[in-house]
Amino acid sequence: MNDSDVYYDPFDFAIDDDPYPVWQRMRDEKPLYYNERYDFFALSRYEDVSPALTDWQTYRSGKGSVLEIIRANVEIPPGVILFEDPPRHDIHRSLLARVFTPKKMTALEPKVREFTTRCLDPLVEGGEFDFVRHLGAQMPMRTIGFLLGIPESDQEAIRDQIDRSMNLEHSTAQDVYDDEFLSGSMFADYIDWRARHPSDDLMTELLTAEFEDETGTVRRLTRAEILTYVTLLTGAGNETTTRLIGWTGKLLAAHPDQRRQLAADHSLIPNAIEEILRYEAPSPIQARYVAQDVELHGQTVPEGSVMALLNASANRDDRHFDSGDTFDIRRKIDRHLTFGYGIHFCLGAALARLEGRVALDEVLNRWADWEIDWPNAKMAHTSTTRGWERLPALVR
């Protein structure tokens, strides 16, 4: 097993286009993998990734959850809950948890459906539809913008700036921090305006919420903290759901028999979305800083190491999911790891599921059949997500 020549490089676009053969070899031959070039370890089996996601004392997020960010040792602004450990993480997360309840997200369905309808209706007669450009890049942006209270006229420019910052073809993850992307400067005017004109939106809630911080002081969020929150929510609320909608189009084009089952019975859609999330996790890799020596597969991973937790690989592990590489919209799923697990479980999971479900429902209301226009499709390459930048389809 230790003589395996398997090689995994998360920055290699050819591997990223289809990492599953490499991940399968890692699960079988090198369940604890070490990459010398980038100096990180990786876990790929479900039985290893799942408990590691909950063990925040060993696998810390406070230095970042992206490989390059941990390596760069940059200072993370407070409020980036993905990059925090308890107790600070718990305090900051609890503020957002007040808003992102499943009940409140479910109440958004009419608005999400309205945004989806607005995206799709103009395309019905055209015979062509891009799952990303026309829907995935539009509806989630409008939904999170509506939640935050950002005018629709400004949402597209903000989303495009986020996309440019995250795209590894044009920048590195380090660039995101060098240009102070997380400072939230692009939202400063909205915050100042909302402070003077409170409304029924998330931005107003962040401005007025009182909480007890880690020092025991009861206070409100600082302007800098609010800016960081808003930036985080805008990025997270756009990127992953965009990828989910793209994968929905791709997988159901590749499995027309299952697509026809869904078109005939929309009650299958919620479980289909879970299977799409399992099969193609929009956020496939979570990096952690190893805070103490840990024994894994007969080896010691020393304190100070960087660990990549390959949740998308774990989602395909035959040891946990029967025929894990088989796509099956009727599969019974106990728990996939697409939204993480433990204290960093995705706060927006209920919203992403809702958006994915409504998107597929409304697409099938208009078209029961589609084929991908492969010569014009393009993968997006980022440090944090995996999916499509363009996915045009011929629809009928």
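Because the model is predicted, local features were considered at pLDDT of at least 70 and side-chain atom pairs at pLDDT 80 or more, whereas totals for chains, interfaces and linings use all residues. Residues are numbered from 1 along each chain as its sequence is written, and side-chain values use heavy atoms, with hydrogens and water left out.

In soluble globular proteins, nonpolar side chains tend to be buried together. A nonpolar core is taken here as a set of buried Ala, Val, Leu, Ile, Met, Phe, Trp, Tyr and Cys residues joined through side-chain atoms within 4.5 Å, where buried denotes under 20% relative accessible area, exposed over 50%, and partly exposed the range in between (1.4 Å probe, protein chains only). The largest such core comprises 82 residues, and those with the most contacts inside it are Phe100, Phe129, Leu135, Leu262 and Trp370. Helix 14 (residues 223-254) supplies the largest share of this core, with 12 residues; helices (H or I, at least four residues) and strands (E, at least two) are DSSP runs numbered from the N terminus. Another core, of 19 residues, lies apart from it and includes Trp23, Ile70, Ala281 and Ala308. Contact is defined by heavy atoms within 4.5 Å, and, when neighbours within four places in sequence are left aside, Leu135 is in contact with Thr116, Cys119, Leu120, Phe129, Asp130, Pro140, Ile245, Ala359 and Val363.

Two packed helices are described by the angle between their axes and the distance between the axes. Helix 16 (residues 269-279) packs with helix 18 (residues 349-366) at an angle of about 115°, the axes being 9 Å apart; axes are lines fitted to C-alpha atoms, for helices over the stretch in contact, and angles run from 0 to 180 degrees between N-to-C directions. The contact involves Ile269, Pro270, Ile273, Glu274 and Leu277 of helix 16, together with Arg353, Gly356, Arg357, Leu360, Asp361 and Leu364 of helix 18. By class, this contact has 6 nonpolar, 1 polar and 4 charged residues, with Ala, Val, Leu, Ile, Met, Phe, Trp, Tyr, Cys and Pro counted as nonpolar, Asp, Glu, Lys and Arg as charged, and the others, Gly among them, as polar.

In helix 2 (residues 20-29), the buried residues are Tyr20, Val22, Trp23, Met26 and Arg27. These residues lie on the same side of helix 2 because they cover an arc of only 155° around the axis, the arc being that of the directions from the helix axis to the C-beta atoms. Their cover includes helix 1 (13-17), strand 1 (32-35), strand 2 (40-43), helix 16, helix 17 (311-314) and strand 13 (386-390). In helix 12 (residues 188-196), Ala188, Tyr190, Ile191 and Arg194 are buried, and their arc of only 165° around the axis likewise puts them on the same side of helix 12. The exposed residues Asp189 and Arg196 are carried on the face of helix 12 turned away from its buried side. For helix 3 (residues 46-54), the buried residues are Tyr46, Asp48, Val49, Ser50, Ala52 and Leu53, and what covers them includes strand 2, strand 3 (59-60), strand 7 (286-290), strand 10 (306-309) and helix 17.

Individual residues were also examined. Asp16 is placed in helix 1 and counts as buried at 14% relative accessibility; not counting residues up to four places away in sequence, Asp16 touches Met379, Ala380, His381 and Arg386. Val395, in strand 14 (residues 392-395), is buried with a relative accessible area of 8%, and, beyond its neighbours within four places in sequence, Val395 is in contact with Gly127, Glu128, Phe129, Trp367, Asp369 and Trp370.

Most residues other than glycine have a negative phi, and most peptide bonds are trans. The peptide bond from Pro86 to Pro87 is cis, with omega near 5°, and Pro87 is found in the loop between helix 4 (67-72) and helix 5 (88-97). His297, although not a glycine, has a positive phi of about 50°; His297 is found in the loop between strand 8 (294-296) and strand 9 (299-301) and is partly exposed, with a relative accessible area of 37%. Ser323, which is not a glycine either, has a positive phi of about 50°, is located in the loop between helix 17 and helix 18, and is partly exposed at 39% relative accessible area.
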